[in-house]
6 protein chains.
Amino acid sequence: MFFHMKELQYHAKPSRPDPIFARQLQEALGGQFGEISVSLQYLFQGWNSRADAKYRDLLMDVGTEELAHVEMLATMIARLLDNAPVGDQETAAKDPIVGAVLGGMNPQHAIVAGLGAMPADINGNSWTADYIIASGNLLADFRANLNAESQGRLQVTRLYKATNDPAVKDMLSFLIARDTMHQNMWKAAIAELEAQENIVVPSIFPRELEKQEVAYDFYNLSEGEESRRGRWASGRSMDGLGEFKYYPQGVAYGDKPKLSPAPDYIFNTPPWIRPKKKEE
Amino acid sequence: MFFHMKELQYHAKPSRPDPIFARQLQEALGGQFGEISVSLQYLFQGWNSRADAKYRDLLMDVGTEELAHVEMLATMIARLLDNAPVGDQETAAKDPIVGAVLGGMNPQHAIVAGLGAMPADINGNSWTADYIIASGNLLADFRANLNAESQGRLQVTRLYKATNDPAVKDMLSFLIARDTMHQNMWKAAIAELEAQENIVVPSIFPRELEKQEVAYDFYNLSEGEESRRGRWASGRSMDGLGEFKYYPQGVAYGDKPKLSPAPDYIFNTPPWIRPKKKEE
Amino acid sequence: MFFHMKELQYHAKPSRPDPIFARQLQEALGGQFGEISVSLQYLFQGWNSRADAKYRDLLMDVGTEELAHVEMLATMIARLLDNAPVGDQETAAKDPIVGAVLGGMNPQHAIVAGLGAMPADINGNSWTADYIIASGNLLADFRANLNAESQGRLQVTRLYKATNDPAVKDMLSFLIARDTMHQNMWKAAIAELEAQENIVVPSIFPRELEKQEVAYDFYNLSEGEESRRGRWASGRSMDGLGEFKYYPQGVAYGDKPKLSPAPDYIFNTPPWIRPKKKEE
Amino acid sequence: MFFHMKELQYHAKPSRPDPIFARQLQEALGGQFGEISVSLQYLFQGWNSRADAKYRDLLMDVGTEELAHVEMLATMIARLLDNAPVGDQETAAKDPIVGAVLGGMNPQHAIVAGLGAMPADINGNSWTADYIIASGNLLADFRANLNAESQGRLQVTRLYKATNDPAVKDMLSFLIARDTMHQNMWKAAIAELEAQENIVVPSIFPRELEKQEVAYDFYNLSEGEESRRGRWASGRSMDGLGEFKYYPQGVAYGDKPKLSPAPDYIFNTPPWIRPKKKEE
Amino acid sequence: MFFHMKELQYHAKPSRPDPIFARQLQEALGGQFGEISVSLQYLFQGWNSRADAKYRDLLMDVGTEELAHVEMLATMIARLLDNAPVGDQETAAKDPIVGAVLGGMNPQHAIVAGLGAMPADINGNSWTADYIIASGNLLADFRANLNAESQGRLQVTRLYKATNDPAVKDMLSFLIARDTMHQNMWKAAIAELEAQENIVVPSIFPRELEKQEVAYDFYNLSEGEESRRGRWASGRSMDGLGEFKYYPQGVAYGDKPKLSPAPDYIFNTPPWIRPKKKEE
Amino acid sequence: MFFHMKELQYHAKPSRPDPIFARQLQEALGGQFGEISVSLQYLFQGWNSRADAKYRDLLMDVGTEELAHVEMLATMIARLLDNAPVGDQETAAKDPIVGAVLGGMNPQHAIVAGLGAMPADINGNSWTADYIIASGNLLADFRANLNAESQGRLQVTRLYKATNDPAVKDMLSFLIARDTMHQNMWKAAIAELEAQENIVVPSIFPRELEKQEVAYDFYNLSEGEESRRGRWASGRSMDGLGEFKYYPQGVAYGDKPKLSPAPDYIFNTPPWIRPKKKEE
């Protein structure tokens, strides 16, 4: 169960309305790595967790905090939209500033949402659960979380550079700092698990069941060998169980495929067009 | 430019048709972490890369290999679908095995794709580029890649357990081993970058611009303190720049929000219903 | 079966082209509550109706009228797009008006649709049947319809304020009036059904099968008790079968959940990381 | 800000695992009218609300309760999935019960989610924010909410009939009762607003700006006049401002449309194929 | 404007209910090439048509007929769903036939649609306007239409083979015949346009503006030269303006790309990791 | 397997950055008929092909070439985005040119993709596999391919007119010429197949199983008889097996549908509201 406190986690009041930036800030709310994504991702990972209670608790703590970030961004966006203009080509032509605003804002903010935030990204793409990840394997999922906080912080720093409003910058500086914490946190949680498992997910799949002879090969499948210059091309593998080996070109272990003809009830290209002989 | 060789990277011929498993294998081809996702993710990261040539080359090498995996899976799925049945309730009722197959397969494999693989997941959801990530920041993106290979290997090991066909298991053992390599590889590439930058993405955003006083705080926002037992709750932060601090409960820095009334041309709830006083 | 008459239900000729407004008007055609949504929603409800013939006929009448609205809007949009500009940054920089038009229009109108209307919303999101509702229960669906006409009329009034073109305003005034009728109509149909059933959908689910002791409770789950001031917080319930009761805080009837460990073939976080004890 | 309590709002433990029903129950969690939809719908309406504080508080209370329902359903689904089988055609053929389970469950529950709940519906369609509504006009939105609770309760009663497990039925009886409350509650809130405004949304758009002569007409656009038998076809309109009038056939106020030729730079069908004459 | 007649264009009453086939038939209603797609595709092409009136009339005629097909399929599906079962694993285990039905049907037909047809495909993917095409160029669009009728007839013939119900087969034989007509019709319309234009769309783009030296080259970009055996590899081109030429391997006209470094405000991978030298 | 060469198939370097045109060019990369669509469409058709090897080889050749086009466009877009501005309303107001650029560009290019190309269209809709087609029937699919190349060339010619940059025009002239080839090529492949089959897809479905009496009828279902003036309205059918016949109005072969009542466990509109009598 949840309980809601009216106070925001941090201030969310801009110095002035700015519908152009309101549109851009939607990415941090409802984009692929916006706050809706991380809150629901962590909560679902928590609810589904069959592992030690401290991981479930961690996930619930942070997922719950991210809900507060959704709230802060929704509030900020609504205020950036105060008195946002509506208009057509005539309105745009009369005043270059208004024209620029009409071009740069998302008109759905006025027409559909009545000057409210939307669960959508910069371009008005509705948020989708295709964005989120909860696999039941914590090491896999904490890597997803570390990525989400990395992409998220990156986007918010770009947004920080895009705005001139000190009050908006102030709120963003709070979100950036929290993402610093959350990257540190997932990094710490990953370190704990990797110390007990191994770095390869899932660690408990028996290694002898995989095709071990190709488990540390690097295939150079594009022209040039610049890729030979990296740590991944030679030396002990990161999991400590093999040696990286660089192949200057790929290896084909398989044959040229040839499929059997389709049965009649499928009505594919007719048999007198395709050759008679069966699959080799 | 690309060039196509007819040989498959590895064998992709099942012992026997199996439309039920053909459906399941679609997840590894066209699901969120299937081979279409990783091939296009790495290729887009490579094409967009503004960094050192070795990273671009690495991305093109591996993205090109993943295209070969798409091909192997498409071929295997088409063969698993050989002579897949079509039928209605009467067909299903006559023979329990056929009934089970009709229930467990994806009928679009017959009706839409003519016994061919589809760019879709287990449930017939078409593949979408919402799944992929290319931010221009390599450390962020390599974390996305490590996650993708972790989720992907996890799903393929589950599929390995789901099939009884030794020839299918053999192909999956190859894909599992390649994912072992790719997890090792991204881990190595991440280590290289973290050694030069710092662990927090983006590393070049000036730390003094973030709200540093909250950059290492853990807020316990759910009942109980199990989350205090983790590495993230105390000690030096992973980036070496701070100390983790555990707060037994959250802190509200912001006020209770109250929005200004909407202008008349938006036709929100009318003014005589909402109170007269302006935003505090 | 349908028959098409060439005459439009109402005039759809603007005073002048206006690609910026053409984009905005797409919301009324292909948005969540645009005319494609209501026409297909009513038609599907009609085709699926297993109830009295007058309701089926009502749905077919109105669904068929909405097809005429789709047609009017498509025609108006195509005319607003007459000679819409194409151009790049150089074109935009030369003439501020053209620059504003290029910023405010949807370039797909030129590049993809050849100056035609699209089955999409303001932001070019393709129309999706996720928007529509047909449950087989008429009272539920008429509420969906009343909502659709309410949201739709609201959006069209906002569009009315956004345009300066009297001919466009004239067409919108027709659509607004029809939405007035359709709100009245669904209100009337709902009143008929509620008089025979009860207000709670579905009315024929036996009340003794629901957990009746919580059927009229209001749980205050957010700080403050402003919500106590409403009709929903005390007094006879609207269905006449209970008394509203206000709880100053929520009630937890359930336990703290704890899930069983995952079986081995799922390769979740390994067992030596999760605790041994079984679910309580 | 939110705070999370570990106790569930109600019990969520089935008598036995049942992966087939786990799939079905996903509709109540992540379908169009599942709990994710109502929780985010109410929270966004609340965050965006520019009206009286009691409505915002109401929305936050109920949106917060719905988060607890998401949690209950996620927990129940995870438990229904305990030890869910994986398998191919051979597995299905060996045991008719296992075959039926493999056919009726969602294999993503095992392969993707590791026996966890997913933010998706019965057919594995990811939840999308296209489902939700927040317009800034409370009367419009409360109608959306009443519809959502009506569709939601309807679906849960059907699920109640689909399961034989008394513990699952018990949890559903709780959700059904809460939906009874929520239908009553939105009904009450709507009554409050309609008493102050009028029934037509938005009430503050000046009626003289709409095409009033068609604001109460019913057009019979399908064969037969069964639709004449309803309250909507005659008598005082529900808003008290007009008289319903039934037209046995539709009226075309507009002309036959004819569009202007496309400019050359659009490369539509060439001019020597289309007629020379300009638009009438 | 449209008018609706109550009679169906053709009979749509099955011999017996069959929820498994109801699911499959959804592909013909709401799949990529189902009747919703062709009806809306033709209507939008008609509404947007700026060409000769006979083409607009043709499109409106056929688009209107396809609406009748939507109606027939919706009716047939609703009847196939009569008394469709609901149930869980226990229900499925008791009776193998019921188990097979629960596995092979779409449970949303019962839980969401109340035994009605849905605007969705076999797998419950909602219909999306991403499926349809209206470009303003009739030759391009008539090719889209010919393809749609080809894919559509192919799918319906496969469905014909999948059902054992003579009454369902009878309705499908009607739809198959209409698709025969529609393929003939678009073929005829295409022939008319190609006779006046040329086969290359758009015919009015000046040929001297394209890179004519590569306009008839075939590049063999995959191993082996089986592709040399086709009409496309040699001889006069189909447009009569060139000669096909077969290149045994591809030609690279461009350089190796190298992108400029990103500006600082984008926070991509930092400059000390990427090389100093500017784009060549 | 694939191999990647570093050289681009053609030059992809603009004369100057232009973020507005970068957005527009996305349509050719990630739109419905962009290069991602054709490359994956041809590759999937090839992988799934059960017909003569020359068709599979043809599909692999061209699919592989289209991957090179994806690469060229991604490179061009990244360069058009060099130093693209970020900014809010204040930035836009200061400089009308910058304001126009902020309005006309896709801000995700900066905020999300770090000045890289995206797998998305003009409006930022992510590419989806809903766009592509692979049915197993080559004649059907080659028609889809001819359509794709027609729509694609049409869009690129419009983009050609939209840009003033000679270097961009040069690259587009290459793509336009390749589309000329590909239209010719599919036309040739279609001619080969039609010469061996018949024009109606699928050609091997026995004609006596379709409702032959309606297989060449044209139903005039919209007012006016302009559609009578076409080749499709009279004369020998294009498949040579019938005579086109023009009906001045549609024919209804079916009855007025009436559905059976829903069973109780579905909780549709209750029985005392719907009439007692059974379906006629």
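Q45(D) counts as buried, because its relative accessibility is 3% and buried means under 20%. Please keep in mind that the model is predicted.

**Around Q45(D)**

- Helix α2 of chain D, which covers residues 35–48, is where you will find Q45(D).
- The side chain of Q45(D) makes a polar contact of 2.9 Å with the side chain of N145(D).
- Leaving aside residues up to four places away in sequence, Q45(D) touches L59(D), I133(D), A134(D), D141(D) and, once again, N145(D).

**Aromatic rings**

- Over all chains, the structure holds 81 aromatic pairs.
- One of them joins W127(E) and Y131(E), with 6.1 Å from centre to centre and 75° between the planes, an edge-to-face arrangement.
- Both W127(E) and Y131(E) are buried.
- In chain F, the ring centres of Y219(F) and Y247(F) are 5.4 Å apart and their planes are at 55°, so this pair is tilted.
- Y219(F) belongs to strand β2 (residues 217–219) and Y247(F) to strand β4 (residues 243–247) of chain F, so their pairing ties together parts that are 28 residues apart in sequence.
- The two partners can be described in turn: Y219(F) counts as buried at 2% relative accessibility, whereas Y247(F) is partly exposed, with a relative accessible area of 22%.
- Ring pairs also build a cluster from Y42(A), Y55(A), F142(A), W186(A) and W232(B), with residues from chain A and chain B.

**Lysines over rings**

- In chain A, K169(A) lies over the face of Y160(A), 4.2 Å from the ring centre.
- In chain D, K169(D) lies over the face of Y160(D), at 4.2 Å from the ring centre.

**A position listed in UniProt**

- An unreviewed UniProt entry lists E66(A) under "binding site".
- To locate E66(A), look in helix α3 of chain A, which covers residues 53–80.
- E66(A) has a relative accessibility of 1%, so it counts as buried.
- Not counting residues up to four places away in sequence, E66(A) touches E35(A), V38(A), S39(A), Y42(A), E149(A) and H182(A).
- Among these contacts of E66(A) is Y42(A), a residue that also takes part in the ring cluster with W232(B).

Conventions. Residues numbered from 1 in each chain as written. Chains lettered and ligands numbered in written order. Predicted model: local features only at pLDDT ≥ 70, side-chain atom pairs only at ≥ 80, totals over all residues. Heavy atoms only, no water. Helix = DSSP H or I, 4+ residues; strand = E, 2+ residues; numbered from the N terminus. Buried < 20%, exposed > 50% of the residue type's maximum accessible area, 1.4 Å probe, protein only. Polar contact = N/O pair within 3.5 Å; in protein donor to acceptor, adjacent residues only side chain to side chain. Contact = heavy atoms within 4.5 Å. Phe/Tyr/Trp six-rings, centres within 6.5 Å; stacked < 30°, edge-to-face > 60°. Lys NZ or Arg CZ within 6 Å of the ring centre and 35° of its normal. UniProt positions renumbered as here; feature names shortened; annotations may be inferred.
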